[in-house]
Structures are given as structure tokens and as C-alpha cells.
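Welcome, and thanks for taking a look at this one with us. Here is a short tour of a few local features.

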Amino acid sequence: MKCRKCLKKAIIYMPEHRLALCSACYSPWFLDYTERTIRKFKMFSRRDRVLVAVSGGKDSLSLWHALNALGYEADGFYIDLGIVGSNNYSEQSKQRCFELAERIGRRLHVVSVAEEVGAPIPEIKDLTAREACSACGLIKRYFMNRYALEAEYNVIATGHNLDDEVAVLFSNVLNWNRGYLARQYPVLDEREGLKKKVKPFVYFTEKQTTVYALVNRIAYVRDECPYALGATTLSYKDLLAQLEHQAPGTKRRFLDGFYQIRALFAEAEATALVPCSRCGQPTTTEVCAYCRLVEHVERRRSAAVPVRKVAASEAAGVRPIEHEELSLHHPGS
Ligand code: SF4
Ligand code: ZN
């Protein structure tokens, strides 16, 4: 197959766009599409300071790279979850983020869950009997918002792609989670202490972000987080991939169709936010879920009730990390 732009050998065919591109023509197309998505949803401008939540994976690192290539003021924010597993997951992920920070000359902020909460994610999971992903999601949302406020970023950008968004939408529709449906949109405007959040890769498939990372030689962590293996969204992704294979463009139509009727769920979003009585971050209850989680962890630790012994291999290598900041020679910093 030949590249539609220059007729050289294509490296990717995107049936939903009926478009084949070679490695030289792929990045310009990808960047142009990113820019168009940013403008379509009025995500941010070149006057804004963008904080990109990076995990070390292909999506978030490609996003950081692409925003930088497009000339946006985008710094990285990495949350060290303290997950070791069989592949030293968090340490590897952090390394990949630092490598890209150095390469593109941007600042990477690092915050450690072990240091802030008092225990890394595997221990929090055991101490609170919560699913790892539920505790992790809560902590990540809290840190991102708090850090963006404190460091005066205008907007938080995440690397969620089309496959992620459609799987989450599918799950929310199956369970009729009206509150989640109301908040599922590529742009959530700032309100009552919550920073603006955007997803500039919402129209790219996982394959497209992978190809961007490969073409631009972005080193990323290929292993999944060990807790991702059992996630229900993975089975939804498989199912949706079959539908997409049979009728290319199905995922995009499903997502865009939902965006058009999303207003129907808007009243579910209208819950008033108040500052948490402990930390001041916005919440719907007197004490926010994060502060309650921290309190729970402290209580269980001081009571020294061993719920499940953390395996030595899991505990090894987990060390609190200082708030690190890699200031590289960026002209704007
Ligand atoms: Fe956190 Fe779960 Fe994602 Fe792992 S898979 S990074 S635990 S949300
Ligand atoms: Zn709080």
C-alpha cells in the first residue's frame, strides 16, 4: 500500500479515515489532527500553561511530545505510584518520563504517593481493602488538581485515546452511570476549585498513538501496570475492537453521537462543590475522599493490623521520593 500524500511505502492504513501514510507523512498528519481537536473543543491556546499527566506509557508521552512539537507551553507531571510488580513498573515508568523531559527540554514534576499518603498503592490497596485502581484513580485525580492549582497551570491534559474513551462510555451506558456520563467529555471547564481538564487524543486510536511514538522514537513502558490485567474495560475493548473491525468508524460514531446528546445528563453534574474542611480541595462532602483515604491508611498503620503481608518483591524498591523537579533548559522557564 502506498502513502496517499507522497506515494512512498505506507506504514499504516487507517480504515476509518480511508487513509494510508508513510513514516515521513505520518507525524505531520498526526500533529495537524491534534491541533484541530484542540481547536474544535477550545481546549487551550499558546498563552496557557498546560500540565500533562504522564505515566510513562505511549499515549501520555506521545501527547507531551506532540504538544511540545506544536509549540505549546506543556510541562509533565508524574505520580510515582510505588508499584513494583515483576518489572519494577513505577521506576521504569518514571525513567521514561525523565528521558523525554530531557529530550524535549521541558520540566517534569514528580510526586510520590508513598510520601504524600504514607504508603504506596499496593499497600494502600491492602490497608483499605479497596481495588487498587479505585484508590489509584482517586489519588491521581486529587494530586493532578492540587498540583495544577499550586503551580498555577491553567489546564490539565491527559493522554486518553479513542479506545479508552469508547470503552468507558460503553461501561457507563451499560450501567447507566448518569453522573459519569455527564462528566465524560474531552473538555471539562474549570469550576469551583477544579482545574480545566482536556483530552487532546480523544480521536486517536491506540494504534495511532503507538505509531506516533515509534516514528518519533519515544521510549515508553510497554508493560501494562500489573493491576490493569483484570480491569473490566479490557474485555470491553476487545468487544469494541471486533465491532470496529466489522464496521470501521463505529467507535468514533458512538462517541460523537454521545457528545451530541450528553447535555441530557447535565443535571446529574450540577452537584455543588465545597472546600474540604481538612485540605481545602473541592468536594461534595465535608471531608474529601482523599483526606478520608489518608486518614484510613494512617489509622490502619498505627493499629498495626496486618491485613495481608506485602510480598517482599512488591515492597522492595518502594522508596519515598522527594518532590522532584527537573528543570531543564527551557527558554520559558
Ligand atoms: Fe493505577 Fe489501576 Fe491504572 Fe495501575 S491499572 S496505574 S493501579 S489505575
Ligand atoms: Zn481533603
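## Threonine 128 and its surroundings

A polar atom of the threonine 128 side chain sits 2.7 Å from the backbone oxygen of isoleucine 124. In this predicted model, threonine 128 belongs to helix α5, which covers residues 121-128.

Is threonine 128 buried or exposed? Its relative accessible area is 12%, and because the cut-off for buried is under 20%, threonine 128 counts as buried. Leaving aside residues up to four places away in sequence, threonine 128 touches Leu293, His296 and Val297.

Most residues other than glycine have a negative phi.

Asparagine 88 is not a glycine, yet it has a positive phi of about 55°. You will find asparagine 88 in the loop between β4 (73-80) and α3 (89-104). With a relative accessible area of 35%, asparagine 88 is partly exposed.

Arginine 217 also has a positive phi, near 50°. The loop that holds arginine 217 runs between α9 (206-215) and α10 (232-246). Here the relative accessibility is 71%, so arginine 217 counts as exposed.

## Around ligand 1

Which residues surround ligand 1? The shell consists of Leu81, Cys133, Cys136, Lys140, Cys225, Tyr227 and Ala228. Sorted by class, six of these residues are nonpolar, one is charged and none is polar.

Terms used: Residues are numbered from 1 along each chain as its sequence is written. Chains are lettered from A and ligands numbered from 1 in the order in which they are written. This is a predicted model: local features need pLDDT of at least 70, side-chain atom pairs count only at pLDDT 80 or more; totals for chains, interfaces and linings use all residues. Side-chain values use heavy atoms; hydrogens and water are left out. A residue is near a molecule or strand if one of its heavy atoms lies within 4 Å of it. Ala, Val, Leu, Ile, Met, Phe, Trp, Tyr, Cys and Pro count as nonpolar, Asp, Glu, Lys and Arg as charged, and the others, Gly among them, as polar. Helices (H or I, at least four residues) and strands (E, at least two) are DSSP runs, numbered from the N terminus. Buried means under 20% relative accessible area, exposed over 50%, partly exposed in between (1.4 Å probe, protein chains only). A polar contact is a pair of N or O atoms within 3.5 Å; within protein, one must be able to donate a hydrogen and the other to accept it, and residues adjacent in sequence count only if both atoms are side-chain atoms. Contact means heavy atoms within 4.5 Å.
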